[in-house]
Amino acid sequence: MLKLFQYELKKLTSRRITWLVLIAGAAIAVAALAEVLFNKPWIEDARTILSPAEAAMNRGGSGFGKFAILLYVPLAAALPCADTYLRECKNRSAALLVAKAGVARYYWSKAAAVMLFSAVIAMLPFLFNQALCLAALPRHALLPDGSVYYTVSFAYDSAYALFPGLYFNSPMLDALAHTGLAGLLGMALGLCAYAVTLFYRKNAFIALAGPTVATFAACLLLNSSGYDWLVVYDYLQTVTMPSTRSIYPYLAFVGVLLAIGLGAVLYKVKKGRDFLL
């Protein structure tokens, strides 16, 4: 299974669409930093120095950051990775690989490669943006000055920060932790897209984008119904919000997506008959 897993990773890294997605992610990261550097009307106090953590695009104030969270992460995680089974069905190589490796190894190695690669692609723009922020801005945080504003802000942030210890003591580690959450979401959506292709192959784009669109629609429905604490996209931002005071709803949502994807792959492995179609 390890050799087949390595083979899948090699195929994914050699695809043109993979590099196009990575270039697009790098462009978003650069644009997000430029947006923050050249558009700071809210900084009025000369003593205020924008810190790398505040400039990071998953902070919540960046338009490009929101674009990455809402569109890039879900689609980029699925499009380059999840069609690996579709392509092998079209070029008739699936039957040969199944005959050599076995049904279980074939499907599970693909699932593992898709999950790993989807997570990495989802995190890379945020990691690159955070590296740019560290290089372009001084490592200096906004410090409380004892005013009522900061007293109220501290109380609010203490109550609603997803990782309070990191938020106050290590802001960049807090940004990295939220980047890890983006990786989990990318992993889950990539796996679900791959699972859909195991049963639906008439339209590749619908199969690949279906889980992303369904998740987006579900989040809109949950938000409009008052269940905003289940909107997964809010958890990818480091800005404090009442809806993201606990990590468990996010993990539960992503866990459901992973369970659906893994369950579909397990069903396919148990069935194991239609890989020649």
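Which residues form a nonpolar patch on the surface? The structure examined here is a predicted model, in which local features need pLDDT of at least 70 and side-chain atom pairs count only at pLDDT 80 or more, while totals for chains, interfaces and linings use all residues. Residues are numbered from 1 along each chain as its sequence is written, and side-chain values use heavy atoms, with hydrogens and water left out.

The chain contains twelve helices and zero strands, where helices (H or I, at least four residues) and strands (E, at least two) are DSSP runs numbered from the N terminus. Along the sequence the pattern reads α-α-α-α-α-α-α-α-α-α-α-α. Accessible areas come from the Shrake-Rupley method with a 1.4 Å probe; for residues, only the protein chains shown count as cover.

The nonpolar patch on the surface consists of L116, V120, L124, L127, L173 and L176, which together have about 450 Å² of accessible area. Two or more residues of the patch come from each of α7 (103–136) and α10 (171–197). Helix α7 gives the largest share, four residues. Patch members have over 30% relative accessible area and no salt bridge, and nonpolar side chains (Val, Leu, Ile, Met, Phe, Trp, Tyr) are joined within 5 Å. A salt bridge is a side-chain nitrogen of Lys or Arg within 4 Å of a carboxyl oxygen of Asp or Glu. L127 lies in helix α7 and counts as partly exposed because its relative accessibility is 34%.

Conventions
Patch = residues over 30% accessible without salt bridge, like charges linked within 9 Å, V, L, I, M, F, W, Y side chains within 5 Å. Buried < 20%, exposed > 50% of the residue type's maximum accessible area, 1.4 Å probe, protein only.
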